[in-house]
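Look at the structure first, then read on.

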Amino acid sequence: MSRQIHFAGQPVIFTLSGLRRGFQNCLPLGLSVFAYGLVFGILAVQAGMDVVQAGAMSLTTFAGASQLMVLEFWGPALPLLGIVLTTFVVNLRHVLMGAALRDWLVELPPWKAYGSVFFMTDESWALSVREMGSGGRDAAFLLGSGLCIYLFWFSATLMGASSGFFLGTAMSDPAVWGLDFAFTAVFISLLIFFWKGRSDLPVWLVAGIFAWLGWMVFPGKWYILCGGLAGGLYGAWRHGR
């Protein structure tokens, strides 16, 4: 028998109002994503893509870290296996992220649940976890915040890839404008967003230590999964004591 999850005595819902609120709440983060979307567009053209290819990748793949990684492989002969494996490893964290939103997702029809997680990003996930944790029961919040990031990411990709036509070489080096730090800055802001007090510090330290060990031992981006798993498991253990 399935178990229906309730929030404050009310079942999970999926409304246009929730979608709109998720979109609006995500606007500040969308502006940040726009900054490193510009960087991706510029680097994509420098790697050999044209504007259409860069835009199509952002529309269909919609995974910033993975797209930036793929640029390292881009060339006349594409190493498809390397691209697939790299993308898989970089995005393994989404397994953990989806599990964190289980209380919303299991209550939705498959087309709503899978449609929402396609648009799930680190930024929209962070906002949605906080929304759910505060008792919010409108699961459309996840889709709305994800659509916000999608819009900014795609438009920034097109603008970055087209910058040569409008700005000449002015945007050829993202570091000159400080845009190379945009990706890191967004994740630092997400960390601050989740900070609840000094009781969080041990979990953060465990995640950081294991991520560092993973970076020292394993190639590629496995350190992301190492840190995420260690921090998540330690946090679950503390919560269950």
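Arg 21 and Glu 131 join their side chains in a salt bridge, at 2.3 Å from N to O. Arg 21 sits in helix α1 (residues 16-25) and Glu 131 in helix α9 (residues 122-133), so the pair ties together parts that are 110 residues apart in sequence. This is a predicted model: local features need pLDDT of at least 70, side-chain atom pairs count only at pLDDT 80 or more, and totals for chains, interfaces and linings use all residues. Residues are numbered from 1 along each chain as its sequence is written, and side-chain values use heavy atoms, leaving out hydrogens and water.

**Salt bridges**
- The structure holds two of them.
- A salt bridge needs a side-chain nitrogen of Lys or Arg within 4 Å of a carboxyl oxygen of Asp or Glu.
- Asp 103 and Arg 102 form a salt bridge through their side chains, at 3.9 Å from N to O.

**Exposure of the paired residues**
- Buried means under 20% relative accessible area, exposed over 50%, and partly exposed in between (1.4 Å probe, protein chains only).
- Glu 131 is buried, at 12%.
- Arg 21 is partly exposed, at 34%.
- Asp 103 is partly exposed at 30%, and Arg 102 is partly exposed at 43%.

**Helices**
- Helices are DSSP runs (H or I, at least four residues), numbered from the N terminus.
- Trp 222 lies in helix α13 (residues 222-240).
- Trp 222 is partly exposed, with a relative accessible area of 35%.

Note on methods: Helix = DSSP H or I, 4+ residues; strand = E, 2+ residues; numbered from the N terminus.
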